[in-house]
Amino acid sequence: MKKILLVVAVVALYILHQDIWFWRSSYLVFGFIPIGLFYQGMFSVAAALLMWLLVTFAWPSHLEKEVEKANPGEDEAR
Amino acid sequence: MIPAIVVFLYLATVLYIGIFAFRRARGREEAEDYFLASRSLGPFVFLFSLFGTNMTAFAILGSSGHAFSNGIVTFGLMASSSGLVIPLTIFLIGTRIWALGKKYGFMTPVQMFRDRWECSHIGTVIFAVQAVLLIPYIIIGIMGGGTTLNTISGELVPFWFGGAIVAMVVMSYVFFGGMRGTAWVNTFQTVLFLCFGAIALIVIGVGMGGFRSAAQALQASPMSSLLTRERISPYYFFSYTFIPLSAIAFPHILIFCLTARKMNQFRKTVIFYPLCILAIWLPCVFLGVMANRVTDVPEIRQKQEARRVLATQGRTMEPEARDHLREESAGDDVIMILLKRYAPLWLAGLLGAGIMAAVMASDSQILALSTMFTEDVFAFYGGKTRFGETVQVQTGRIFIILITLFAYAVALRAPETIFELAIQYAFSGYASLSPLLVAALFWRGSTKWGALAVAVWTALAVAAVAVLQEIVPAPAPGPATILWAPGGVEVLSRTPGGTAVFGFMPVVPMVLISALLMIVVSLMTKKPAASTVAKYFGGQNR
């Protein structure tokens, strides 16, 4: 269920990137940032939050275990 | 001249860092140490150098130049879509590549493909396609260096000389420092650019009398469409989201994924990547748009006049005259012009050094090509066994010299703007190669023949787009030239910025057909041995 929700979040964010609703608006947020640019800036912050969710809830820890199994004691050797 | 001196001092610092890395590694002429820094990079260096590797002249000069001509759409086109797609691919593919590299000792993507699909010469074909597509990326760095030094020195340093200096410096620290030197330099450069980018924004903003008045004046002027996305179609905007797929397919990024000491180091990189993109691209795009208000600078006025003539009279002009105007209106140097106009001389130098930092990201590509050549060709065809590992590293170093000289020679002749050159060839081609990675890592049923089909298709498609754009000149801004429209459906057209297929950029059909070829050809051909598949997926082949 957790993975499905994360996939849905990725797809939703991808769709939200196509913000056709601000396509022709030159409205200035705070009097100087064009709304289209402001929206896409906020989109980048949302992308970082999504990445945090992925890293927290879908981290491929099995890969780390496989590497540790293949190279036992590597960290100590360094 | 003072700014140019500051930039030269910066170049000397970068050179020192590269040589310092060389000294640290002296006496260890091992391929893994030279090409991958012994897979030992820490979290801070890994994040900033991986990000810095992607910040080329294209990101800084190309983005502000594109924004100068097309408006705020530039940020949504490449930056924010990259902020989603690139960390996602690093999370899904980069971590897996790192684990395979640790387990089986791979140093290049082709080594993994050869093992995964039990192939030899098909791997060489993939190497050749990757190498040919990587060279434009290296050229961008040299062109960006030439443009930056030329502008910052008030044209005292000619383009050819500026490009030569940048090529020389990059070649030297890659030659001596290998991956360790490159990663340290990239980290230094990224930190420098993040700091100076913020300073540049403030200084230029204050110089312009505040962005509020500039933005509102622009909103009230005939150029108000630059504050919207009117100049780009939604199809084109959507197409661009395919371009960031190229990042993970670039060999220098994949090879870089192998340098992390622990997989945990990917966590911070994945989370902070979109924020780093925001921090660098947003100011560049915003300043590029705002540069249109700096009409007291003759260079800006000339560019705007060239743009106006192109838009109003371009249709009736000869293609050569149009190309000339297009070059004249290109805004690759607007950031530098703004710095010259608003920053004090010493600060312009420091900020120029910051821009130089981003421009010089071609180091990783040069090193990646060298790694690929020595591992995928020299070592694979017996060179390492015959001559030993020390000769292998020396061969890599000679290759670095040759490839830099070649890229420099091409950079002197390349007529396209930095942005167009990057997008049209390297990015689309690598995006088209991305199904190779997805298939190798996530699909048991993929085969070497599917991989060959993807590589050949990518090479043909990139060549076809290049030839088409060479034969059919770009039209003036406005409606595209329709080349093929059976039954009234516009299939192929030549646009002012490139080529369109059903209204989309070529990268869309290139990626989709690549994926389709991988599936269809793999289904029709023999799978690798069950033991090989089990090595990658565990259990039995299904």
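This briefing covers a predicted model, its confidence, one interface, a helix pair and a set of strands. Local features need pLDDT of at least 70, and side-chain atom pairs count only at pLDDT 80 or more, while totals for chains, interfaces and linings use all residues. Residues are numbered from 1 along each chain as its sequence is written, and chains are lettered from A and ligands numbered from 1 in the order in which they are written.

**Confidence in chain A**

- The mean pLDDT of chain A is 91; pLDDT is the predictor's confidence in each residue, from 0 to 100.
- In chain A, 92% of residues reach 70 or more.
- Helix 2 of chain A has the highest confidence in its chain, at a mean of 97.
- Helix 4 of chain A (residues 74-77) has the lowest, at a mean of 56.
- Where pLDDT is low, the predicted coordinates should not be read in detail.

**Where the chains touch**

- On chain A, 34 residues are in contact with 41 residues of chain B. Contact means that the C-beta atoms, placed from the backbone, lie within 7 Å.
- Helix 1 (2-16), helix 2 (35-57) and helix 3 (61-70) of chain A each give two or more residues to this side of chain A. Helices (H or I, at least four residues) and strands (E, at least two) are DSSP runs, numbered from the N terminus.
- Helix 2 of chain A gives the largest share, 12 residues.
- By class, this side of chain A has 20 nonpolar, 10 polar and four charged residues. Ala, Val, Leu, Ile, Met, Phe, Trp, Tyr, Cys and Pro count as nonpolar, Asp, Glu, Lys and Arg as charged, and the others, Gly among them, as polar.

**A helix pair in chain B**

- The axes of helix 8 (residues 159-207) and helix 13 (residues 265-290) of chain B come within 10 Å. They cross at roughly 30 degrees. Axes are lines fitted to C-alpha atoms, for helices over the stretch in contact, and angles run from 0 to 180 degrees between N-to-C directions.
- Helix 8 and helix 13 of chain B are therefore roughly parallel (under 35 degrees).
- Residues of helix 8 of chain B, including Phe193(B) and Gly197(B), meet residues of helix 13 of chain B, including Ala279(B) and Pro283(B).
- This contact has nine nonpolar, one polar and no charged residues.

**Strands in chain B**

- Strand 1 (residues 481-484) and strand 2 (residues 492-495) of chain B pair in the antiparallel sense over three bridges. Pairing requires that DSSP finds at least two bridges between the strands.
- Ile482(B) has Ser493(B) in strand 2 of chain B as its bridge partner.
- Strand 2 and strand 3 (residues 498-501) of chain B pair in the antiparallel sense over four bridges.
- Strand 2 and strand 3 of chain B form a hairpin with two residues between them.

Note on methods:
Contact = placed C-beta atoms within 7 Å. Parallel < 35°, antiparallel > 145°, perpendicular 65-115°, else oblique.
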